[in-house]
Amino acid sequence: MGSLHQGRGENALAEPFFSDALARSRLVHGDDHTSTLDYLTKLSGLMISMRRWKEAEKLSYEALERKRRTLPEGDPSLLTSMSRLGTTYLKQGNVELAEPLIRGALTGRRVALGNSSAQTLVSIGYMTVSYTHLDAADE
């Protein structure tokens, strides 16, 4: 139901479904199970779309740290979490924290998916934005 509501742009209605699913998955499977990590990622994405940056940052950070421990380097889900946390930092104006995460996601996506994949192109866009912010800070 959460995905259905989110797909309709009804983010406020989606949130309790994702939060409940995350809580249940933690209880049943544990914090590092792939289902729990998927719900962390979904909920962080929802917080990003709702522009709730601090909540998105907390969830994205947790998802990334857990995925770094449990998934192989270059795993698409790990790269998504890197990109999401980097984007969250960027949206809050913290380019210094954003840039290495976005760069890492871009590098991983280029290797795994190639230069012309949609996910790689999105990472290139975020990398461009982060460089623009870094250049402005230097001036």
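**Exercise 1.** Find which residues of helix α3 meet Asn11, Ala14, Glu15, Phe18, Ser19, Ala21, Leu22, Ser25, Arg26 and His29 in helix α2, and describe how α2 and α3 pack.

*Solution.* The model is predicted, so local features need pLDDT of at least 70 and side-chain atom pairs count only at pLDDT 80 or more, while totals for chains, interfaces and linings use all residues. Residues are numbered from 1 along each chain as its sequence is written, and side-chain values use heavy atoms, with hydrogens and water left out.

Step 1. Contact means heavy atoms within 4.5 Å. The residues of α3 that meet those of α2 are Ser35, Thr36, Tyr39, Leu40, Lys42, Leu43, Leu46, Met47 and Ser49. The residues of this contact divide into 9 nonpolar, 7 polar and 3 charged (nonpolar: Ala, Val, Leu, Ile, Met, Phe, Trp, Tyr, Cys and Pro; charged: Asp, Glu, Lys and Arg; polar: the others, Gly among them).

Step 2. Helices are DSSP runs (H or I, at least four residues), numbered from the N terminus. Helix α2 covers residues 11-29 and α3 covers residues 34-49; their axes lie 9 Å apart at an angle of about 155° (axes are lines fitted to C-alpha atoms over the stretch in contact, and angles run from 0 to 180 degrees between N-to-C directions). The angle makes α2 roughly antiparallel to α3 (over 145 degrees is roughly antiparallel, under 35 roughly parallel, 65 to 115 roughly perpendicular, the rest oblique).

Step 3. The crossing of α2 and α3 is left-handed, that is, the near helix is turned anticlockwise from the far one by less than a right angle.

**Exercise 2.** Work out how α3 is placed against α5.

*Solution.* Step 1. The axes of α3 and α5 cross at roughly 25° and come within 11 Å. The two helices are therefore roughly parallel to each other, and α3 passes α5 in a left-handed crossing.

Step 2. On the α3 side, Thr41, Lys42, Ser44, Gly45 and Ile48 meet Thr80, Ser81, Arg84 and Thr88 of α5. This contact divides into 1 nonpolar, 6 polar and 2 charged residues.

**Exercise 3.** Check the span of α3 and of α4, and state what covers the buried residues of each helix.

*Solution.* Step 1. The expected span is 1.5 Å times one less than the number of residues. With 16 residues, α3 reaches 22 Å from its first C-alpha to its last, close to the 22 Å expected. The 18 residues of α4 should span 26 Å, and its end C-alpha atoms are 25 Å apart, which agrees.

Step 2. Buried means under 20% relative accessible area, exposed over 50%, and partly exposed in between (1.4 Å probe, protein chains only). The buried residues of α3, including Leu37, Leu40 and Ile48, pack against α1 (2-7), α2, α4 (53-70) and α5 (76-91). Among the buried residues of α4 are Trp53, Glu57 and Arg66; their cover includes α2, α3, α5 and α6 (95-113).

**Exercise 4.** Classify Ser60, Leu4 and Arg51 as buried, partly exposed or exposed, and place each residue.

*Solution.* Step 1. Ser60 lies in α4 and counts as buried at 2% relative accessibility. Leaving out residues up to four places away in sequence, Ser60 touches Ser44, Ile48, Arg84, Leu85 and Thr88.

Step 2. Leu4 belongs to α1 and counts as partly exposed at 41% relative accessibility. Its C-alpha atom is separated by 7.7 Å from that of Ala14, 10 residues apart along the chain.

Step 3. Arg51 sits in the loop between α3 and α4. It is exposed, with a relative accessible area of 60%. Although Arg51 is not a glycine, its phi is positive, about 60°.
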